[in-house]
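Here are a few friendly notes to read with the model open beside you. Take the points one by one, and find each residue in the viewer as you go.

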Amino acid sequence: MSCTAVTEHRAQLGEGPFWDVPTQALYWVNIAGKQALRLMGGHLQIWQLPEHVSAFIPCESGDALVTLSSGVYRLDLATQALTLLCVADPQPGNRGNEARCDAQGRLWLGTMQNNIGEHGEDLPITRRSGGLFRIDADGQVTPLLHGLGIPNTLLWSEDGSQVHFGDSLDATLYQHAIQADGQLEPATLWFGPHVRGGPDGSAMDSEGYIWNARWDGSCLLRLTPDGEVDRIIELPVSRPTSCVFGGPNLTTLYITSAASPLDHPLDGAVLAIEVDVPGKPCHRFAG
């Protein structure tokens, strides 16, 4: 599989790719650079934000959500005005990390102890202070999990009865059954530590297989619904961070990445590869 960089932009910590089917646009963020980015019709637009941002997700109402350190905000794409939607996690010193919308258009946000300094430098993680929260279209917040290290990967089964959820601090991907009241059953181990790096973000294809980015592993793992390695997709970056299916047929896999000490030329780029199975579409925020 040949990989190409979709733009010349390089992120210090690229994350959170989102493919918007109606507009055929790719959204992602540079967390450490405080940037929200959109590639649409070959044009790259960058919104410079006042805080670290972990996700950039279009809304049905026409603007977009950005998950900043101090809360979840609506971003007016024309005026760049920010309006607070909610503070999902009131814990001081935490920041947002993984964020995706489920089929109902509700935002699920995983938070963690902030590990990025004001100038983008790495800070140590010393506590498991993160949580998982669900945010409805009206901004109502429902806490789901607590005591998390580095939340990553949020993917739902076709019928919405299960959620795949990872904690990179455990090097583990978990599965939770979703109860009738929306709360989560205790975690079951779905995919544990692997020799090829640690688990970061993921995408699900139409066959229910999960494509998991492997931080420091220079690859993606395609995992079967039973949590077995189906194949390894080698990548020309050290630290792939997440991926999403896009393109007109959802057969283009877009992969975000981060800078690394190894300084590969494509580290921090968004990569695109064509794959042989289409993916599942992303969902906009319902609000």
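1. Begin with the hairpin that E18 and E19 form in this predicted model. There are 5 residues between the two strands, and Gly 208 in the turn has a positive phi of about 85 degrees. The two strands pair in the antiparallel sense, over 5 bridges.

2. Now follow the chain into the next hairpin, that of E19 and E20, with 3 residues between the strands. Here Asp 216 takes a positive phi near 65 degrees. Strand E19 covers residues 210-215 and strand E20 covers residues 219-223; they too are antiparallel, joined by 5 bridges.

3. Is E19 largely enclosed or left open by the rest of the structure? Buried here means under 20% relative accessible area. In E19, 5 of the 6 residues are buried, so this strand is largely enclosed by the rest of the structure.

4. Strand E12 (residues 130-135) and strand E13 (residues 141-148) run antiparallel and are joined by 6 bridges. Their hairpin has 5 residues between the strands, and Gly 139 in the turn has a positive phi of about 90 degrees. Leu 132 stands opposite Leu 145 in E13.

5. Next, look inside. The largest nonpolar core has 46 residues, and those that touch the most other members are Leu 26, Phe 56, Val 66, Val 72, Leu 107 and Ile 135. Strand E3 (residues 25-30) gives the largest share of this core, 5 residues. Apart from it lies another core, of 16 residues, including Ala 203, Cys 243, Ala 269 and Leu 271.

6. You will find Leu 44 in strand E5 (residues 43-48). Its relative accessible area is 26%, so Leu 44 counts as partly exposed. Beyond its neighbours within four places in sequence, Leu 44 is in contact with Thr 7, His 9, Trp 28, Leu 37, Arg 38 and Leu 39. Leu 44 and Thr 7 are 37 residues apart in sequence, with their C-alpha atoms 7.8 Å apart in space.

7. Finally, step back to the whole chain. How many helices and strands does the chain have? There are 0 helices and 24 strands. The radius of gyration is 17 Å, close to the 19 Å that the globule rule gives for 287 residues, so the chain is as compact as a globular protein of that length. Along the principal axes, the C-alpha atoms fill a box of roughly 40 × 40 × 40 Å. Buried residues make up 58% of the 287 residues. Of the contacts with a separation of 6 or more, 44% are between residues 24 or more positions apart. The accessible surface comes to about 11500 Å², and 52% of that belongs to carbon and sulfur atoms.

Terms used:
Residues are numbered from 1 along each chain as its sequence is written. This is a predicted model: local features need pLDDT of at least 70, side-chain atom pairs count only at pLDDT 80 or more; totals for chains, interfaces and linings use all residues. Side-chain values use heavy atoms; hydrogens and water are left out. Two strands pair if DSSP finds at least two bridges between them. Helices (H or I, at least four residues) and strands (E, at least two) are DSSP runs, numbered from the N terminus. A nonpolar core is a set of buried Ala, Val, Leu, Ile, Met, Phe, Trp, Tyr and Cys residues joined through side-chain atoms within 4.5 Å. Buried means under 20% relative accessible area, exposed over 50%, partly exposed in between (1.4 Å probe, protein chains only). Contact means heavy atoms within 4.5 Å. The radius of gyration is taken over C-alpha atoms; the globule rule is 2.2 Å times the number of residues to the power 0.38. Accessible areas come from the Shrake-Rupley method with a 1.4 Å probe; for residues, only the protein chains shown count as cover.
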